[in-house]
Amino acid sequence: MSGADGRVAARLGELCRRYALSAAQGGQLRCLLEVLASDPHAPTSVTTPREALDIHVADSLAALELELVRTAETIADIGSGPGFPGLALAVARPTARVALIESAARKCLFIERARSAGGVGNATVVGCRAEAWAEGQGEQDVVTARAVAPLAVLCEYGAPLLREGGVLVAWRGRRDRAEEAAAARACDELGLEPQSPVRSEPYAGSVAHHLHVYLKVMPTPPRFPRRPGIASKRPLGGST
C-alpha cells in the first residue's frame, strides 16, 4: 500500500468510526472514490481519492449530525451532480430509500455507474428536474441540496417534496444574512420554517461550513411547484 493509499484508508476508517459505519460500508465508500478517480467523465474537478474523501464524502456525511437525517426513511438529493451527498448518505443509511435527482443526462449516467460500482442498492437515479418529479411529492423525510441554487430557490424546490415534519438540508459555506432573509420570506409562502444553521467541520481545515435546515410545518400550497425553471428566474422572497 502506497503512502497516499494508507492515508486514504486511515481517514476512511476515521469517518467510519465517527459515524458508526461498518467495514462493508467503508468498502462501498471506497468504491465510490475509485469510480471518481478512474472515470474521465466524472462531473467534478475533485477526483483524487485523498481530496474527494474529504470534499465529497466527509462533507456529505456531516448531515448525519442531524437526528432527522440519521432516522430518515426517504431522502431526495436535488441536483445530485457527481452523486453527493446522496450516494454517501445512501451508504450510511442502508434502510432508507434515496432518490438522486439530476436533470443532466450525462451526470445521471455517471451517478448510475457509481451507484452500481458501490453496490448502493437503496439509491435510485431520477433523471428530471426536482419540480417535475411528481411521484416524490409529499413523500420525503429529508431533502438535501449541495451547491445547487440560492437558499430561497432551494426552499421552493424542496418544500413540495417534503412530508409535514420533514426537513430540507442545504450545504453552504459562509453565512449570507441577506440570502437567509430572502429564504425566510420564501418559507412563509411554502409551509417551511427556518431552523438555526448548524456549523459543521467535516474535515481538518474546513472553513465556515454550515448546514441550513428548514422544517416543513404546514402543507405547501398547491400552486407549488411552479413550472420548471420559474423558481430560479422569479425566486420567492425578493432580492437578496
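A: Let us start with helix packing. Helices here are DSSP runs of H or I with at least four residues, strands are E runs of at least two, and both are numbered from the N terminus. An angle under 35 degrees counts as roughly parallel, over 145 as roughly antiparallel, 65 to 115 as roughly perpendicular, and the rest as oblique. α2 and α6 are therefore oblique to each other. Their packing angle is about 140 degrees, and their axes lie 8 Å apart. The model is predicted, so local features need pLDDT of at least 70 and side-chain atom pairs count only at pLDDT 80 or more, while totals for chains, interfaces and linings use all residues. Residues are numbered from 1 along each chain as its sequence is written, and side-chain values use heavy atoms, with hydrogens and water left out.

Q: How are the axes and angles defined, and which hand does the crossing of α2 with α6 have?
A: Axes are lines fitted to C-alpha atoms, for helices over the stretch in contact, and angles run from 0 to 180 degrees between N-to-C directions. A crossing is left-handed if the near helix is turned anticlockwise from the far one by less than a right angle, and right-handed if clockwise. α2 passes α6 in a right-handed crossing.

Q: Which residues of α2 and α6 meet?
A: Contact means heavy atoms within 4.5 Å. From α2 come C31, L32, V35 and L36, which meet F110, A114 and A117 of α6. For classes, Ala, Val, Leu, Ile, Met, Phe, Trp, Tyr, Cys and Pro count as nonpolar, Asp, Glu, Lys and Arg as charged, and the others, Gly among them, as polar. This contact has 7 nonpolar, no polar and no charged residues.

Q: How do α2 and α3 pack?
A: Their angle is about 130 degrees, with the axes 10 Å apart. α2 and α3 are therefore oblique to each other, and their crossing is right-handed. L29, L33, L36 and A37 of α2 meet P49, A52, L53, H56, V57 and L61 of α3. By class, the contact has 9 nonpolar, 1 polar and no charged residues.

Q: What is the orientation of α7 to α8?
A: α7 and α8 are therefore to be read as roughly parallel to each other. Helix α7 (residues 151-158) packs on helix α8 (residues 177-190) at about 25 degrees, with axes 7 Å apart. This crossing is right-handed. The contact is formed by L151, A152, C155 and E156 of α7 with E179, E180, A182, A183, A186, C187 and L190 of α8. Its classes are 8 nonpolar, no polar and 3 charged residues.

Q: How many residues of α7 are buried?
A: Buried means under 20% relative accessible area, exposed over 50%, and partly exposed in between, with a 1.4 Å probe and protein chains only. In α7, 8 of its 8 residues are buried.

Q: Which residues of the largest nonpolar core touch the most other members?
A: A nonpolar core is a set of buried Ala, Val, Leu, Ile, Met, Phe, Trp, Tyr and Cys residues joined through side-chain atoms within 4.5 Å. The largest core has 46 residues, of which L29, V57, L61, V69, L87 and V169 touch the most other members. Elements giving two or more residues include α1 (3-18), α2 (23-38), α3 (49-61) and β5 (162-172). α5 provides the largest share, 6 residues. Leaving aside neighbours within four places in sequence, L29 is in contact with L12, L21, V57, L61, A88 and V91. A second, separate core of 31 residues includes A76, A99, C187 and F224.

Q: Which loops hold A20 and A147?
A: A20 lies between α1 and α2, whereas A147 lies between β4 (140-146) and α7. A20 has a positive phi of about 55 degrees although it is not a glycine, and A147 likewise has a positive phi of about 55 degrees. A20 is exposed at 67% relative accessible area, and A147 is exposed at 74%.
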